[in-house]
Amino acid sequence: LKSHSQNVDYMTIESESEEGYIIKIVRDKDGYNEITTDFITKELFETCLRTGYITLVENVSENIATA
């Protein structure tokens with residue numbers, strides 16, 4: 001997800017329907033993860049891809065480091 005901060009926020013598609021996607025959004029908030037689940041229409045998803053608000057990344061394993 002594109003953001004104004006230097007944090008790396010991301011989302012994953014949890015499920016798909018004819019209308020759109022159930023997504024999980026993970027945002028780094030000063031060292032802890034804020035996790036939300038939401039719905040996005042297929043039309044909005046495609047618009048976000050075209051405009052660069054979201055970037056598709058495939059086959060990434062999630063590595064979380066803690067200090």
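Two strands pair if DSSP finds at least two bridges between them, and strands (E, at least two residues) and helices (H or I, at least four) are DSSP runs numbered from the N terminus. The model discussed here is predicted, so that local features need pLDDT of at least 70 and side-chain atom pairs count only at pLDDT 80 or more, while totals for chains, interfaces and linings use all residues. Residues are numbered from 1 along each chain as its sequence is written, and side-chain values use heavy atoms, with hydrogens and water left out.

Strand β1 (residues 10–16) pairs with β2 in the antiparallel sense over 6 bridges, and the two form a hairpin with 3 residues between them; within this pairing, S15 has I22 of β2 as its bridge partner. The strands β2 and β3 also run antiparallel, joined by 10 bridges, and here I25 stands opposite T36 in β3.

The hairpin of β2 and β3 has 2 residues between its strands. D30 lies in this loop, between β2 (20–29) and β3 (32–41), and has a phi near 50°, a positive value in a residue other than glycine. D30 is exposed (over 50% relative accessible area, where buried means under 20% and partly exposed in between, with a 1.4 Å probe and protein chains only), because its relative accessible area is 82%.

The structure also holds 1 aromatic pair. The ring centres of Y21 and F45 are 4.9 Å apart and their planes stand at 50°, so the pair is tilted (centres within 6.5 Å for rings of Phe, Tyr and Trp, the last by its six-membered ring; planes under 30 degrees apart count as stacked, over 60 as edge-to-face, the rest as tilted). This pair links distant parts of the chain, with Y21 in strand β2 and F45 in helix α1 (residues 42–51), 24 residues apart, and both Y21 and F45 are buried.
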